[in-house]
Amino acid sequence: MWPAPFYPTVYGLYGKPTVVNNVETLSNIPHILSHGVEWFRSFGTKTCPGMMLFSLSGDVNHPGVYELPLGIPLRKLIYDHGGGIKNGRALKAVYPGGPSQAFLVPRDIDVPMDFDSLKAVGSGLGSAGVIVLDDTNCMVEQTMKFCNFFEDESCGQCPPCKMGTHYLHQILEKIEAGHGKPEDLQTLQQLSGFVKGRGDCTVITGAAVAVECSLCHFPDEFESHIKEHRCTMKVAS
Ligand code: SF4
């Protein structure tokens, strides 16, 4: 019987070690062969050379896909290329590598957007799907939506992921609807901590990190939903 196909470098096509890279990575090869290694290394940082396709979305004036050198400061990406935050609102949070990576907050605005620098601040670049949120966003609602996505994406073969994504989503839905109880916050913490890293891929860890990060940076939003029995952000915006 073939093992789960999640480590193709060990056991991939026809049961042999298989190299799997995305098109973006492979598309660098002809340029490196044509122009040389030094040319390629002249872009990006010392440890993360080259260019990256940053897919900038969310509450920015000019969302789009920007090919820029790795290590570009987040501030430049959002304000110079993305045209700043929509409607003159303030920045609230940025997911630098999609919802699976810990989000950044305004104090991280000058972090270089490369793999090493983001790892150093406890996040990650992933495939550079940068999602920007302005200050009108409710982090309970956002986290609930992302957990809904992770629940949909779960293939169900790892019980911590199958059940974990479902329960995280369910609890967040309850809190967002104004039916949460104070003890739900502890359950969210415990459940996230328990399921993190317990899947054959990163889906469940992504869900757990999304929840932990929101609870860590915006505990007041969770508490106000529970205390007021409603989403207070919707009134504020
Ligand atoms: S972690 Fe989730 S999505 Fe990944 S293999 Fe396990 S059940 Fe499937």
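Predicted model: local features only at pLDDT ≥ 70, side-chain atom pairs only at ≥ 80, totals over all residues.
User: How many bridges join strand 3 to strand 4?
Analyst: Four, and the two strands run antiparallel. Strand 4 covers residues 129-134. Strands pair if DSSP finds at least two bridges between them. Strands are DSSP runs (E, at least two residues) and helices are runs of H or I, at least four residues, all numbered from the N terminus.
User: What's the bridge partner of Tyr 95 in strand 4?
Analyst: Ile 131.
User: Is strand 3 mostly covered or open?
Analyst: Mostly covered. Five of the five residues in strand 3 (91-95) are buried. Buried means 20 or more other C-beta atoms lie within 10 Å of the residue's own, with C-beta atoms placed from the backbone.
User: And why does strand 2 lie largely in the open?
Analyst: Because zero of its six residues (64-69) are buried.
User: What does strand 2 pair with?
Analyst: Strand 1 (residues 51-58), antiparallel, over six bridges. Leu 53 has Glu 67 in strand 2 as its bridge partner. A hairpin of five residues joins strand 1 to strand 2.
User: New topic. Which elements give two or more residues to the shell around the ligand?
Analyst: The ligand's surroundings include Cys 155, Cys 158, Cys 161 and Cys 201. Helix 7 (159-176) and helix 9 (203-217) each give two or more residues to that shell.

Conventions. Residues numbered from 1 in each chain as written. Near = placed C-beta within 6 Å. Buried ≥ 20, exposed ≤ 12 C-beta atoms within 10 Å, placed from the backbone.
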